[in-house]
Every structure is written in C-alpha cells, then in structure tokens.
Amino acid sequence: MRIGIFPNAAKKDSARLAARIIKCCHDYGCEYCVACCEDRADGAGARLCSDETVYDHIDMAFVLGGDGTVLKGARAFASRRIPVCGINLGSLGFLYEVEGNDVEARFADIMAGRYFEEERIMLSGELIYADGMVQPLPDALNDVVIGHGNVGKLVRVDMSINGYFVQQYPGDGIVVATPTGSTGYTFSAGGPIVPPHVKGMMVTPLCPHLLLKVPVVLSDDDELSFSVQDSRNVVRISVDGMTDFEFVGDMTLRIRKSAATLRFIRFDKGYFYANLFKKMRGAE
C-alpha cells in the first residue's frame with residue numbers, strides 16, 4: 001500500500017505526527033510520500049512529493065490538521081477516489097475520527113483490514129451566462145454560499161427547485177450545504193445537523209428579511225437554480241470558503257449533487273454522533 005501524508009505546517013504537532021506515521025510505514029513495509037511544495041528527498045531520506053504530483057503516487061491519505069485541511073484537498077482526493085484517514089489537530093474536527101494518540105493503533109487496524117469506507121456527497125455548481133456560456137465551479141464538500149460582497153448590504157436571491165420558482169430571499173444570502181457541511185456555516189445560520197448517511201442537501205437563508213425563515217432539506221436528486229437579477233448590490237459566490245466568484249444579474253447559478261464523492265476511512269459506526277455531541281459541548 002502506498003501512503004500519502006498531508007501535514008498542515010501551521011499546526012505545531014504536525015511534523016511530529018508525520019514522523020510517527022512514517023515510522024509506521026517503515027514498520028509495515030509501506031511506501032509513502034509526504035506532500036510538500038516540490039518533489040525531493042529530505043536529509044533523513046523521506047520522500048517528499050509536490051502538491052501537484054503526490055496524488056498520483058498514493059492509494060490512501062493521512063491528513064493531519066483540522067477540517068480546513070481536508071477541504072483543501074477534497075476535490076483532488078475525490079476525483080482520484082483516494083480514501084482519507086484524518087488525524088485531528090484542529091479545534092473542532094467534525095470530519096475526523098482519529099486523534100493523535102491513536103495513530104499507531106489505527107494504522108495497525110488499517111493494515112489488518114479493520115475499517116470501513118464512508119462516502120460523503122459533494123455539490124457540483126455551474127454559472128450560466130446570458131449568452132449561454134457555462135463556467136463550471138469547483139466541487140464543494142461543505143457548501144456553496146451566495147452572499148453580499150459589501151458588509152451590511154441586502155441582496156435578493158431568487159431560488160428555483162427542479163425548474164420551479166420557489167422564493168425570493170432578501171437578506172445576507174443563502175447557504176446550500178451537504179450533510180458534511182451541516183455542522184459548519186449552515187448550522188451557525190440555524191440550519192439542521194444532518195448525518196452523513198442521509199443523502200440530501202440543505203438550503204439555509206442568511207438573516208432573511210422575511211417572516212418565513214426556516215431552512216429547507218431537499219433530496220440530493222434535486223437541482224437548484226439561483227439568480228440575483230433584482231439585487232442592486234454586489235453578490236459573490238463562495239465554494240467551501242476556498243474560492244470566490246462574482247455573481248451578477250444576468251447569470252444563473254445551478255447546483256446539483258456531484259458525480260464525485262469523498263471517501264473516509266472509518267473504524268466505529270457510531271463515531272458521528274459521539275463526535276458530534278462531544279464537539280458541540282466544547283469537550284476536548
């Protein structure tokens with residue numbers, strides 16, 4: 001098995017944890033590659049692969065950091081169907097099941113086949129221009145956010161579901177989230193927490209100037225369309241908080257379930273609820 005190690009250099013324990021995983025790879029005779037800025041070997045003989053090439057040399061990935069570290073590589077992992085085992089070094093880590101103290105034990109479980117794979121759906125978006133040109137957006141693991149470009153400025157977002165107009169939302173914008181993203185921005189905006197095995201999408205209005213302010217849970221087979229033709233203020237689209245796009249009145253944004261899924265290495269079938277309530281209580 002070829003192991004990819006993806007440390008977050010901003011986390012103080014990341015290098016130490018990467019060294020422990022490298023030792024596990026040596027102990028079990030696994031090839032490994034550590035993601036970095038370029039292809040080279042370090043002074044200790046560890047193989048370092050650039051962020052562009054590392055995905056072509058691995059069968060599974062150990063990601064060391066917080067949820068943002070997974071989000072950064074989610075599209076690359078999903079497109080190549082590389083399963084991810086996350087080691088939590090962040091403050092919350094809803095995507096993670098493994099803590100740093102458990103690395104050696106969980107590595108042994110993987111080598112012995114004592115794990116299962118969990119698939120997380122992603123969102124696929126595209127911007128359609130007035131002349132018919134289509135601009136694909138990057139897939140989102142967490143959410144696609146339509147929001148104002150200027151703080152304090154109201155925007156008007158029209159939403160249609162499967163081609164049928166539903167509602168215009170005046171307010172700060174809208175979050176369209178996967179079950180994975182339901183513990184993120186949409187939760188802070190009053191949206192529901194949805195476990196990963198539920199195949200759906202959540203639409204949560206942000207500070208809507210409406211009496212009806214409830215979020216909506218949809219099937220993952222539904223297709224959503226949005227426009228902002230009545231909005232007089234700057235509107236932007238954010239994909240997983242990583243990439244932004246301008247959204248103007250003659251454009252239509254379409255969002256549906258992506259054909260790609262992100263696969264996680266899991267060990268305990270009840271991990272989600274145990275992890276959820278532990279994190280929500282602020283427990284360490």
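This is a predicted model: local features need pLDDT of at least 70, side-chain atom pairs count only at pLDDT 80 or more; totals for chains, interfaces and linings use all residues.
The largest cavity contains about 40 Å³ of space. If you have the structure open, you can find the spot by selecting the residues that line this cavity, which are F94, L95, R120, P179, T180, T183 and F272. Sorted by class, that lining is made up of four nonpolar residues, two polar residues and one charged residue.

Where does the lining of the largest cavity come from in terms of domains? Both domain 1 (2-115 + 267-281) and domain 2 (122-259) contribute, with at least three residues drawn from each. Keep both domains in view, then, as you look at this cavity.

The largest pocket has a volume of about 350 Å³. Its lining counts 14 residues, and those closest to the pocket centre are F6, P7, A35, D51 and K72. These five make handy landmarks for locating the pocket on your screen.

Which elements give two or more residues to the lining of the largest pocket? They are the strands β1 (2-7) and β2 (31-36), together with the helix α2 (67-79). Of the elements, α2 supplies the largest share, with four residues.

Nine of the lining residues are nonpolar, three are polar and two are charged.

Key: Residues are numbered from 1 along each chain as its sequence is written. Side-chain values use heavy atoms; hydrogens and water are left out. On a 1 Å grid over the protein atoms alone, a cavity is a set of points where a 1.4 Å probe fits but cannot get out, and a pocket is an open set with protein on both sides within 12 Å along at least five of seven lines; lining residues have an atom within 4 Å of a point. Grid points are joined across faces, edges and corners, and a volume is the space filled by probe spheres set on the points. Ala, Val, Leu, Ile, Met, Phe, Trp, Tyr, Cys and Pro count as nonpolar, Asp, Glu, Lys and Arg as charged, and the others, Gly among them, as polar. Domain bounds come from an automatic or database domain assignment.
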